[in-house]
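Here's a quick tour of some strands and helices. Keep the sequence and the 3D view side by side as you read.

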Amino acid sequence: MTELYDLSDLEMLARDCLTRAGVGEAEAAIVARDVALSEAAGDKDNGFAALLRDIRLVRYGRVHMDAVPKISKPAGAVLHVDAGHGLAAPALSHAMPRLIEVARAEGLALLHLTHASDPGAMAGAMADLAKAGLAGISLRPQGQAYAVRPGGEPVTKFDSGTNTVLSALLSKAPPPADSPVDGSVAHSGWIAALNPEVTAAEQMLDGLPAAEKTLPQRRGGIALAPELLMQIVNA
């Protein structure tokens, strides 16, 4: 039987499961927010299913819990965030103030994340951009792309139907499994932050999904299968 939860319940549950696995309180809170926002937006693959994967990777030792993100600026409006083989969401959160600052100053800024756990939809970082009055577009190497409008919610996945370029990319680069026998996590991802006040960004903004959807928790709750929760709790 599927249970219904609100966003704060999901965040608390995800945070508690992460801390039990050895993740620090601050990092666990950031990852939990990312997971809950993805689940609330209906993006199940990057919600609690991703939480189960990350907890397993932490226990396998493939995620470096002592990682310290390093931010560099290889070009004018480009930031590079090396997560040091740690969790993606805290590394992105660490870089958000600087990305927002550059996007406001330059009109558009690009962040390249490397050596991280699978960043998923990067929902927490995208929500931070929207709250700052910026639009955001994120992209993963597997081909999935997401967008958020300034002040908008939720983070929206671009169409990846049967005849799109994204579907071709996905077929050639499926998401990796949470195997215990591989090396340290080393995923990458990209976020573009766009300032809507800059004329050059207006055409791109017009093509982003409209912020008309109501988050599931406002329609009675977010559905989550108890079988998945049991797997996460026992991971």
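Which residue stands opposite Ala147 in S6? It's Ile137. Before going further, note that this is a predicted model, where local features need pLDDT of at least 70 and side-chain atom pairs count only at pLDDT 80 or more, while totals for chains, interfaces and linings use all residues. Residues are numbered from 1 along each chain as its sequence is written, and side-chain values use heavy atoms, with hydrogens and water left out.

**Strands**

- Helices (H or I, at least four residues) and strands (E, at least two) are DSSP runs, numbered from the N terminus.
- Strand S5 (residues 135–139) pairs with S6 in the antiparallel sense over four bridges; two strands pair if DSSP finds at least two bridges between them.
- The hairpin of S5 and S6 has five residues between the strands, and Gly143 takes a positive phi near 110° there.
- On strand S6 (residues 145–148), Ala145 and Ala147 point one way, Tyr146 and Val148 point the other way, and all are buried (under 20% relative accessible area, with exposed being over 50% and partly exposed in between, using a 1.4 Å probe and protein chains only).
- S6 also runs antiparallel to strand S7 (residues 156–157), joined by two bridges, and Tyr146 has Lys157 in S7 as its bridge partner.

**Helices H1 and H2**

- The axes of helix H1 (residues 7–20) and helix H2 (residues 25–40) come within 8 Å and cross at roughly 135°. Axes are lines fitted to C-alpha atoms, for helices over the stretch in contact, and angles run from 0 to 180 degrees between N-to-C directions.

**Helices H3 and H8**

- Helix H3 (residues 48–60) and helix H8 (residues 226–233) pack at an angle of about 20°, with their axes 9 Å apart.
- That's why H3 is roughly parallel to H8.
- Among the H3 residues that meet H8 are Phe48, Leu52 and Ile55, and Leu228 and Ile232 are among their partners in H8.
- By class, the contact of H3 with H8 has eight nonpolar, one polar and one charged residues.

Definitions and conventions:
Angles under 35 degrees count as roughly parallel, over 145 as roughly antiparallel, 65 to 115 as roughly perpendicular and the rest as oblique. Contact means heavy atoms within 4.5 Å. Ala, Val, Leu, Ile, Met, Phe, Trp, Tyr, Cys and Pro count as nonpolar, Asp, Glu, Lys and Arg as charged, and the others, Gly among them, as polar.
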